[in-house]
Amino acid sequence: MQTWSDAVKRQDKRIAFVPTMGFLHEGHLSLMKEGRRLGDKLAVSIFVNPAQFGPTEDLESYPRDFDRDCELSEKEGADVIFAPDELYGREFQTYIKLEKLPNHLCGISRPVHFRGVATVVTKLFNIVKPDIAIFGEKDYQQLLVIRQMARDLNFDTEIVGGPIVREPDGLAMSSRNSYLTDEQRVSALSLSKSLKKARAIIEKGITDAAKIIEEASAIITSHPETVIDYIAICDAETLDDMQSIDRPALMALAVKVGKTRLIDNAILSPPH
Ligand code: AMP
């Protein structure tokens, strides 16, 4: 992989990179399109990263379809697919850990998650040597973590965010949606519905964060098999809680539908 990247760089060409855990969907493909647009060569990685899963999480059952992923990536214009079986070797002991951003949202219920993400992205960057890397806003906190890490450690890679791609009915696309039964799929829609509702009541003049969270929570818990992990309204850069929508805010939520943990988010603006 490094040899390929060195050869591309010798030709003065820019490498755009989209890291994924595979089982690709339109969300991933939209990032590849952006990569094609921004770089001369497109590299895609497919690696289900053990370091970002907790001991009771779905590492073993995470959906995989390598042949289909290759087909889709090639169709989207990937010049190279990096899909290692293994990345950590024996006695691995060097991790990247951020001080503040992981103390919010998903980092609370997934204590090793962002350490695993930051570490694997660092390793992948050292291997792929990208000029630009594209990450989805669906994993908003992850995007902040990677931006912060790139700034703090002087990574020579530009970090670009891509918008959330949704199903026609509003469900944010996710490889994990494949776990859902038909009934759970209906319950899963309550995440995007609650974000929509938040926008609607803000337009009516309700800007109190606690009230908005209460309304969102009522929508979600009215659906079967849902357990809310968190619903937060917070500063879109620091992730500190906000009391009121007096400036653009991030609303982020994580909900378990059956055994499947789903996340979604939106930027809320103050009423017009
Ligand atoms: P994953 O394979 O889930 O690790 O995701 C790989 C990349 O795709 C990450 O940067 C995600 O944020 C991004 N991604 C996943 N789902 C979506 C989506 N629905 N819309 C946009 N980007 C997404």
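Across the interface of domain 1 and domain 2, one salt bridge is found by the rule applied. The structure is a predicted model, and its protein chain is divided into domain 1 (2–162) and domain 2 (175–266). To the contact between them, domain 1 contributes 21 residues and domain 2 contributes 18 residues. The C-alpha centres of the two domains are 26 Å apart. The size of an interface is often expressed as the accessible area that is lost when the parts come together. For domain 1 and domain 2, the buried area is about 1,700 Å². Carbon and sulfur atoms account for 56% of this area.

Salt bridges were then considered for the model as a whole. Side chains of opposite charge can pair when their charged atoms come close. The count by this rule comes to 15 salt bridges. Among them is the pair formed by the side chains of Glu 76 and Lys 33, with an N to O distance of 3.4 Å. Glu 76 is located in the loop between α3 (66–75) and β3 (80–82), whereas Lys 33 belongs to helix α2 (residues 26–38), so this pair ties together parts that are 43 residues apart in sequence. The side chains of Arg 176 and Asp 58 also meet in a salt bridge, at 2.8 Å from N to O.

The second largest pocket was examined next. Its volume is about 400 Å³. The lining of this pocket consists of 21 residues, and those closest to the pocket centre are Leu 98, Leu 101, Leu 144, Gln 148 and Arg 151. Helix α6 (residues 140–152) gives the most to the lining, supplying eight residues. By residue class, the lining of the second largest pocket comprises eight nonpolar, four polar and nine charged residues. Both domains take part in this lining: at least three residues come from each of domain 1 (2–162) and domain 2 (175–266).

How values were computed
Residues are numbered from 1 along each chain as its sequence is written. This is a predicted model: local features need pLDDT of at least 70, side-chain atom pairs count only at pLDDT 80 or more; totals for chains, interfaces and linings use all residues. Side-chain values use heavy atoms; hydrogens and water are left out. On a 1 Å grid over the protein atoms alone, a cavity is a set of points where a 1.4 Å probe fits but cannot get out, and a pocket is an open set with protein on both sides within 12 Å along at least five of seven lines; lining residues have an atom within 4 Å of a point. Grid points are joined across faces, edges and corners, and a volume is the space filled by probe spheres set on the points. Helices (H or I, at least four residues) and strands (E, at least two) are DSSP runs, numbered from the N terminus. Ala, Val, Leu, Ile, Met, Phe, Trp, Tyr, Cys and Pro count as nonpolar, Asp, Glu, Lys and Arg as charged, and the others, Gly among them, as polar. Domain bounds come from an automatic or database domain assignment. Contact means heavy atoms within 4.5 Å. Buried area is the accessible area (1.4 Å probe) that two parts lose on being put together, summed over both. A salt bridge is a side-chain nitrogen of Lys or Arg within 4 Å of a carboxyl oxygen of Asp or Glu.
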